[in-house]
Amino acid sequence: MNILVATIVLSVVWPAQSAMRQYSASVDSSKWMVDRTTRLSCTLSHNVPYYGEAIFSSTASKNKDLTFSLDMVIRPESYDFAGLESVPPSWRAGMPARSMGKMSLLKKFDGELGNPVAWEMLTELEKGYQPTFYYEDWNNKHDQISVSLSSVNFKKSYWEFLQCRDNLLPYSFEDIAFVVMNYRQNSSELTQSSRKRLDMIGEYLNNDPDIDSIYISAYSDSYGAKNVNLNLSKKRAMAIKDYMASKGVPANKIVADGFGEKRHVAINTTPIGRETNRRVIIQISKP
């Protein structure tokens, strides 16, 4: 009777133990890589052998928020959730794993997590713990999957990533894609605040080789002769074009034109209104 009971117990427990497919880098194969080619983005990536890649990234912006993506070679076939736990290293045997939340699994998409959880994962890795995802395999309902991020060789690359993130531009493409700047009266000289905006655009262009086109349109107020205002607006537009070209943007990608007194956006009977009309609009597009 005892032998029969033992046999039944083993037949139940053993399949449950063998159904977990585990993916993680070994001590020898664990690598963390940092990509910091420009001041527009930084990535910290970790290859998970025979599974895919774990990627932490931050892009140029005011907040420089952090995102995490799990780039899977085989993407989900259904909608589900993956549990996320911080698993202690083997040399801390006996310590329990701690739940960190869950990640949505969307059909045909990589897994993604936002700023708060992504930072928590990095701090757990810094302490030597292993953020680990658990979910049911969408191609085999009898199997459970675990995907672990190894903390081996992490700290040096993490520090390099933090330095890269600190050096990112404090604004994004959206911040400079459509800009309106103003000029001083009877001059092709920008106002002080507009010069700062132009310098900001120039700094961005120095770091982004993927600009598709730039359209510059300049306008004047109605103070003075129409022909003089028209020529002045064209001069303003060409000055901006030359500046963009000096930042490495091919001249054939830049279109500049002046429209003089056309398309006023404010009345011309007040100094404030005329200053508003003395403007140049820069529109930048990417593929």
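This report covers helix packing and selected residues in a predicted model.

## Basis of the model

The model is predicted: local features need pLDDT of at least 70, side-chain atom pairs count only at pLDDT 80 or more, and totals for chains, interfaces and linings use all residues. Residues are numbered from 1 along each chain as its sequence is written, and side-chain values use heavy atoms, with hydrogens and water left out.

## Helix 5 and its surroundings

Helix 5 spans residues 192–207. Helices (H or I, at least four residues) and strands (E, at least two) are DSSP runs, numbered from the N terminus. Helix 5 has 16 residues and runs 24 Å from first C-alpha to last. That is close to the 22 Å expected at 1.5 Å a residue; the expected span is 1.5 Å times one less than the number of residues.

Its buried residues are Ser194, Leu198, Met200, Ile201, Gly202, Tyr204, Leu205 and Asn207. Buried means under 20% relative accessible area, exposed over 50%, and partly exposed in between (1.4 Å probe, protein chains only). These buried residues of helix 5 pack against helix 4, helix 6 (226–246), strand 11 (178–182), strand 12 (213–218) and strand 14 (279–285).

## Two helix pairs

Two packed helices are described by the angle between their axes and the distance between the axes. Axes are lines fitted to C-alpha atoms, for helices over the stretch in contact, and angles run from 0 to 180 degrees between N-to-C directions. A crossing is left-handed if the near helix is turned anticlockwise from the far one by less than a right angle, and right-handed if clockwise. Contact means heavy atoms within 4.5 Å.

Helix 5 and helix 6 pack at about 35°, with axes 9 Å apart. Their crossing is right-handed. Helix 5 brings Leu198, Asp199, Ile201, Gly202 and Leu205 to the contact, and helix 6 brings Ile240, Tyr243 and Met244. By class, this contact of helix 5 with helix 6 has 6 nonpolar, 1 polar and 1 charged residues. Ala, Val, Leu, Ile, Met, Phe, Trp, Tyr, Cys and Pro count as nonpolar, Asp, Glu, Lys and Arg as charged, and the others, Gly among them, as polar.

The axes of helix 2 (residues 115–126) and helix 3 come within 10 Å and cross at roughly 140°. This crossing of helix 2 and helix 3 is left-handed. Trp119, Leu122 and Glu126 of helix 2 meet Lys155, Tyr158, Phe161, Leu162 and Arg165 of helix 3. The contact of helix 2 with helix 3 has 5 nonpolar, no polar and 3 charged residues.

## Buried sites

Ser172 sits in the loop between helix 3 (155–166) and helix 4 (173–176). Ser172 is buried, at 14% relative accessible area. Its side chain makes a polar contact of 3.2 Å with that of Glu174. A polar contact is a pair of N or O atoms within 3.5 Å; within protein, one must be able to donate a hydrogen and the other to accept it, and residues adjacent in sequence count only if both atoms are side-chain atoms. Leaving aside neighbours within four places in sequence, Ser172 contacts Ala60, Ser61 and Tyr204.

Gly260 lies in the loop between strand 13 (254–258) and helix 7 (271–277). Gly260 is buried, with a relative accessible area of 1%. Not counting residues up to four places away in sequence, Gly260 touches Ala218, Tyr219, Ser220, Asn229, Leu230 and Ser233.

Asn277 is in helix 7. Asn277 is buried, at 0% relative accessibility. Among its contacts beyond four places in sequence are Tyr219, Ser220, Asp221 and His264.

## Partly exposed sites

Tyr134 belongs to strand 9 (residues 130–136). Tyr134 is partly exposed, at 29% relative accessibility. Its C-alpha is 6.5 Å from that of Leu84, 50 residues apart along the chain. Not counting residues up to four places away in sequence, Tyr134 touches residues including Met20, Phe81 and Ile145.

Glu160 is part of helix 3. Glu160 is partly exposed, at 31% relative accessibility. Not counting residues up to four places away in sequence, Glu160 touches Val34 and Arg36.

## Positive phi in loops

Tyr50 has phi near 65°, a positive value in a residue other than glycine. Tyr50 lies in the loop between strand 3 (41–48) and strand 4 (52–59) and is exposed, at 82% relative accessible area. Lys108, also not a glycine, has a positive phi of about 70°. Lys108 is in the loop between strand 7 (98–105) and strand 8 (111–113).
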